[in-house]
Amino acid sequence: MSTTPQQPIVRNKSTLAKLLASENITILHEKIPTAMFNLKTRTLFLPLWETASESTYDMLVGHEVGHALWTPAKEWVDGMDSIAKQTGCSTEQAKSYLNIVEDARIERLIKNKFQGLKRDFYLAYEYFVAQEFFGKPSTFPTACFADRLNLHFKLGIHSNVVIPFSSAESQFIPLMERTQSFQNVVDLAVKLIKFCKSQGQNHPVEMENDPSAEQQAGEGEGEGEEGESSSKESSESKVSRQKPQQQHQQQELPTPSTNKMMEQAIEKMASTAKTSPMDNHYLCTLPPKHPNVIVTYNMILKDVDLIIASRPNHLELQKVLNPIKVKDYTDASRTMSQAFARKQAADLFHRSSVAKTGALDTLRMNSYRWSDDVFRRTVKIAKGKNHGIIILLDWSGSMQGIMRSTIGQLIILTDFCRRSGIPFEVFAFSDHIWTPNDYVNGLGDLSTRVEKQYEKDNVKMHPIQLLNWLSSKMTNAEYEKGKSILWNWSEIDNCAKHNQYGLSGTPTTSALVEIVETIEEFKAKNNLQSTHLVVLTDGDSCDGFYLPSDRKNYDGSHRHKHSNIIISDPATGLKYNMEELDKTLAVQSTSVWIACDIIRKRTGTAIHWIKLHWSKGSPAHQIKGATELPNCNWKRDGFIRCAVDGFDTAIIVDQNRIARFQNGEIAHSAQSMLNTVSDNLNTAKSKTELQKAFIANQSAIGSLKSVATLIGETLGS
């Protein structure tokens with residue numbers, strides 16, 4: 001009957017709960033007395049019992065999932081208050097009676113939905129009776145009415161235990177069997193409490209089933225008139241003796257005890273359980289947004305002015321504010337804007353409908369002889385989606401060789417957004433803490449101050465800085481200046497006092513966590529229906545959610561970096577068990593997956609991952625969890641689309657194809673390919689060779705498709 005719940009069983013029960021609930025609820029196995037479900041955070045807590053059987057676990061999972069599916073969180077609290085107000089009982093008493101009626105409803109519904117659970121309920125409650133979790137069976141008939149109702153729907157239905165009721169009490173059984181909505185449960189709980197108040201602690205079932213009382217009544221009837229008189233007198237005197245006591249008991253509401261007895265019995269069983277690896281959970285709550293993480297574009301513009309002013313004789317530095325004019329970029333952004341405008345116009349036409357108003361159109365009246373279309377018309381246009389885009393640019397040392405061309409792609413995209421009226425923000429993320437040029441030493445280590453803010457409930461996140469290089473909020477003058485500064489970032493950093501624009505690590509997880517609240521604010525301020533987050537990087541994250549390195553497992557062994565860490569998002573109430581996710585997800589970084597899921601759950605934002613790739617050959621197999629989509633050709637197109645867990649879209653781009661020099665010209669790697677196919681087109685001698693050369697030429701031109709264009713394709717989708 002008893003089996004020790006090992007880790008595979010624990011994982012199976014987690015999967016079972018999610019399948020029954022039809023949602024990705026959070027499952028936590030802990031050393032607790034009984035299973036419970038937090039309606040607000042959608043978290044199911046399951047116990048770790050030393051002697052719990054499979055059926056017991058399944059029954060508890062089914063019961064709590066029933067609450068998850070059909071017990072509404074807000075209405076539960078409001079229902080208790082309503083019951084207490086209507087009946088005059090305490091909130092705790094209202095909760096006890098409400099729980100009895102609701103348990104009967106959700107257990108009936110979960111068994112009807114999943115027929116296979118019926119046997120688990122039968123075996124579990126049979127075990128509870130044998131272990132006297134509800135007390136001795138001999139005490140069941142003398143329990144208060146609410147307890148007998150609870151026992152009937154738990155044991156009478158599942159374990160064939162006969163619970164007696166009086167005729168007045170029996171009317172509640174079909175009422176509890178027919179409850180459908182939660183409001184039905186609240187109404188019935190009110191009726192039940194009022195009835196129990198009127199009965200007090202009396203157990204009328206004892207009087208009706210008392211054989212001595214029946215025998216006395218029979219003897220009285222056999223004695224004729226004298227017997228009747230004596231019986232009547234005895235009855236009247238008995239009623240008169242009970243009346244004062246009953247009147248006193250009508251003012252008191254019996255408190256059900258069977259559920260409490262069961263909880264105490266389970267608690268005793270759980271208290272003997274051995275220590276489990278799950279006891280060492282570290283529940284880590286995500287920290288709030290750090291106030292000093294984002295360096296605004298105003299701060300950057302001001303800081304660069306200070307750098308330039310501090311080096312008046314540096315000729316190259318004085319040129320960094322010259323406007324960036326690259327014809328390829330201008331043409332590309334203009335083409336994207338025109339294509340987007342055409343797409344918007346087509347979408348607008350698709351959403352337009354013409355309706356007749358019923359008012360005569362005097363200009364159409366002369367056609368009444370051959371057409372009855374003589375009424376004025378109105379055009380109704382359904383509301384479309386407002387789009388916004390936020391870009392996270394990897395500001396790490398590995399981007400050094402391709403940063404210029406990547407910035408060029410950003411400029412194409414931001415120019416397109418400004419032309420098309422699309423709100424945007426560009427943030428470079430790095431673990432190099434930004435220090436203003438006029439910063440005076442002695443104020444303390446900025447890096448240490450920022451890092452301490454990330455320690456929350458034992459979790460330690462990487463220090464992070466977000467440089468807001470470009471924004472749709474900029475004026476035209478600020479925008480052009482911002483583009484020039486970003487294009488010449490290297491020259492500026494070489495002259496900066498604190499190397500504040502230098503490249504460093506790739507703290508992608510911290511960047512995603514920090515950007516969540518920014519996305520929420522960005523979406524609200526711009527009234528956006530559709531937001532897109534683009535992560536533009538050439539490598540994997542260097543950070544994640546970790547505990548301090550001195551932490552050890554419960555048995556003193558070395559701790560795995562993710563062992564027993566549960567990340568909690570206070571905004572959604574969701575919890576992420578990193579150890580379980582490590583075993584089930586095929587991703588490069590579990591921490592990045594969690595951060596992306598939090599963004600998606602909080603804001604509904606679509607997340608696009610663009611990986612800039614250097615090496616030759618299709619790179620899909622080099623990335624854990626990436627699956628190349630059909631109809632992709634790395635050699636022909638210079639990019640492939642992939643399916644990667646955690647991202648809505650993923651594109652890997654051959655950076656050699658879109659590489660640019662400082663003046664914006666196409667790099668040799670891309671130009672040589674164009675020259676080769678162009679020569680083949682010019683030297684073709686036959687129709688077949690000409691056809692092949694033409695196809696190769698078109699493919700080569702298409703392979704120069706920019707990252708900006710690929711990102712632009714996601715807008716409006």
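These are my notes on what I looked up in this predicted model.

**Whole protein**

I started with the big picture. The protein has 717 residues, and 48% of them are buried. Its secondary structure comes to 28 helices and 17 strands. I also checked the contacts between residues at least 6 apart in sequence, and 71% of those join residues at least 24 apart.

**Thr-605**

Next I picked one residue. Where is Thr-605 found? I located Thr-605 in the loop between helix H23 (590–603) and strand S14 (606–613). Is Thr-605 buried or exposed? Its relative accessibility is 2%, and buried means under 20%, so Thr-605 counts as buried.

I then looked at its side chain. A polar contact of 2.7 Å links it to the side chain of Thr-531, and another of 2.7 Å links it to the side chain of Thr-603. Setting aside neighbours within four places in sequence, I found Thr-605 in contact with several residues, including Ile-519, His-532, Leu-533 and Asp-648.

**Strands S15, S16 and S17**

Last, I followed strand S16 (residues 639–643). S16 pairs with strand S15 (residues 627–628) in the antiparallel sense, over two bridges. Here I saw Glu-628 standing opposite Cys-642 in S16. How many bridges join S16 to strand S17 (residues 649–654)? I noted four, and these two strands also run antiparallel. Arg-641 stands opposite Ile-651 in S17.

S16 and S17 form a hairpin with five residues between them. In that turn I noted Gly-646, which has a positive phi of about 105°.

How values were computed
Residues are numbered from 1 along each chain as its sequence is written. This is a predicted model: local features need pLDDT of at least 70, side-chain atom pairs count only at pLDDT 80 or more; totals for chains, interfaces and linings use all residues. Side-chain values use heavy atoms; hydrogens and water are left out. Buried means under 20% relative accessible area, exposed over 50%, partly exposed in between (1.4 Å probe, protein chains only). Contact means heavy atoms within 4.5 Å. A polar contact is a pair of N or O atoms within 3.5 Å; within protein, one must be able to donate a hydrogen and the other to accept it, and residues adjacent in sequence count only if both atoms are side-chain atoms. Two strands pair if DSSP finds at least two bridges between them.
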